[in-house]
Amino acid sequence: MSRESGFGRSAEGARSILGLLTAMLLLGGAGTGAAAQALPLEREIPAPPERVLCTPLVGTAEAPSEEDAERAAQLLAEAARGAILGELEDAADWLQEAAELDPTSEEVAFQLAWALEELGQTEQAADEFCRYLALAPNGPESGAAESRVEALRPPPTDPIPPAARAAFHTGVERYDAGAHDEAIREFSRALVELPRWPVAHYNRGLAYLATDRQRAGLSDLEEYLSLAPSSAANRPIVENRVAELAAVVPQYSATTAFVIGALVPGMGHVYTGRPGIGAAILATAGGLAAAGIFYKEVEVLCRSPVTDGPCPEAEIADRIEERPFLIPGLAAAGVVTLVGAIHAARGARAPRAARGSALSFDPVMRPDGLGLRAAFTLSF
C-alpha cells in the first residue's frame, strides 16, 4: 500500500512537473507570437512642402541676330503704346513675339510679365518675372520682380497643420520616454487639429495598448486601417494585431444595452465600457428631472392687503404651489434617457471601427493661448 501510494505521489508529481514545463513552453510560444505582432511606433511624417519661387533656367538664351533684336525693340515700343491705349491683349501678344525674337532682353521679359499679370495669367506672369530675374538678378527691377513672384506664388498649403506636427513629435518623445498617458494626450492634440490623420490614430492606438486600454487601442488601430491607403507597408501586421485584439475585447448585446440604458440613464454606456458618456447622460437626465421636480412657484393668498414685506403668518389664507417645469423637465429627461439608450444599443451593435475609442477627454491648451480645446475620443 505504502509503495503504491508513494508511487502514486511520484507519478502525480511527475505529471505536475511535466504539465508545468508544458505550460511554460506554451507561454513561451505565445510570448514569441506576441512579440512577432509587436507594432513599431511611427516616428517620421512627411516634411512640409517646399516653396519654389523660380526654377533655374535650363541652358542659356542665344543672342538674337541684329535683325531679330531690332524687330523685338519695335514690338516692345508698340506694346508700350498699346498698353497706354488699353490694348492689353495686343500688347501681350507683341511682347510674346518680342520675347521669342530676343530671349535675352530683360526689359521685354519684365514688361511681358506685367502685361500677363494684368490679364490674370498669374502663373505665366510669374514665369516671366523669374525669367527677368535670371537675366538680370541685380537689375533695376529685380526687387519689384521678386515681390511679384512671392505674391503670385504663395506658399503651398501644408496638409498637416503646424500645431498637429508639434503635438505629433512631442507624442513620440513622450512615448519613447515611457510616459504613455502624456503621449496619448499629445496624439489626441494632433487629432484635434487633424481628425482623420491615420498615423496619429496608429500611434495613439499603440499608446493606449501600452497602458492596457485594449478597447481604445483596437478602435484607433481599426480607424488607422480605414484611413490609411491599402498599400501601406505595415498594413498586414496591423491587421493581424487587430485580429488578435478583436478576439479578447468584449462584445456587447445591443438589446441589453438598450434595456438597461432605458431603465437607468447612461447605464447602457457603462455596460458597453463607456462610463464617461454614461455619466454625462446620467447627469443631464438627472439635472433636467431635478429641475422639474424641485423648482416650484408659491402663490400666497393673504386675508389683508400687504403693504410692506411678506404676508404675516396669521393672515395667510392659502398657499398655492405650482411646478411649472415638472412635465417639461421630466419629458426632457425621458428624451435624453431614450436617446442615450438608442445610442448605447447602436454602439454595442456597430463594428468596432465605427465606434471610436473608449471615452477619453484630453483638455489641451490651444496654440494661440486663448484657452482650452478638448480632445474627445468616443466609443459608439
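**Close-up views of a predicted model**

**View 1. Phe110, Trp114, Phe129 and Tyr132 form one aromatic cluster.** The model shown here and in the following views is predicted. The structure contains 8 aromatic pairs. In the pair of tryptophan 114 and phenylalanine 129, the ring centres are 5.7 Å apart and the planes stand at 90°, so the arrangement is edge-to-face. This pair links distant parts of the chain, since tryptophan 114 belongs to helix H4 and phenylalanine 129 to helix H5 (residues 122–135), 15 residues apart. Phenylalanine 129 has a relative accessible area of 0% and is therefore buried, whereas tryptophan 114, at 31%, is partly exposed.

**View 2. Tyrosine 202 and tyrosine 224 form a tilted aromatic pair.** Their rings lie 5.0 Å apart, centre to centre, with 50° between the planes. Tyrosine 202 is in helix H9 (residues 198–210) and tyrosine 224 is in helix H10 (residues 214–227), so the pair ties together parts 22 residues apart in sequence. Both tyrosine 202 and tyrosine 224 are buried.

**View 3. The second largest pocket has a volume of about 150 Å³.** Helices H2 (66–84), H3 (88–101) and H4 (106–118) each supply at least two lining residues. The greatest contribution comes from H4, with 5 residues. By type, the lining comprises 9 nonpolar, 1 polar and 2 charged residues; among them are Leu76, Glu107, Gln111 and Trp114.

**View 4. Valine 298 is located in strand E1 (residues 297–302).** With a relative accessible area of 44%, valine 298 is partly exposed. Apart from neighbours within four places in sequence, valine 298 contacts Arg319, Ile320 and Glu321. The C-alpha atoms of valine 298 and arginine 323 are 8.9 Å apart, and these residues are separated by 25 residues along the chain.

Definitions and conventions. Residues are numbered from 1 along each chain as its sequence is written. This is a predicted model: local features need pLDDT of at least 70, side-chain atom pairs count only at pLDDT 80 or more; totals for chains, interfaces and linings use all residues. Side-chain values use heavy atoms; hydrogens and water are left out. On a 1 Å grid over the protein atoms alone, a cavity is a set of points where a 1.4 Å probe fits but cannot get out, and a pocket is an open set with protein on both sides within 12 Å along at least five of seven lines; lining residues have an atom within 4 Å of a point. Grid points are joined across faces, edges and corners, and a volume is the space filled by probe spheres set on the points. Helices (H or I, at least four residues) and strands (E, at least two) are DSSP runs, numbered from the N terminus. Ala, Val, Leu, Ile, Met, Phe, Trp, Tyr, Cys and Pro count as nonpolar, Asp, Glu, Lys and Arg as charged, and the others, Gly among them, as polar. Buried means under 20% relative accessible area, exposed over 50%, partly exposed in between (1.4 Å probe, protein chains only). Contact means heavy atoms within 4.5 Å. Rings of Phe, Tyr and Trp (its six-membered ring) pair if their centres lie within 6.5 Å; planes under 30 degrees apart count as stacked, over 60 as edge-to-face and the rest as tilted.
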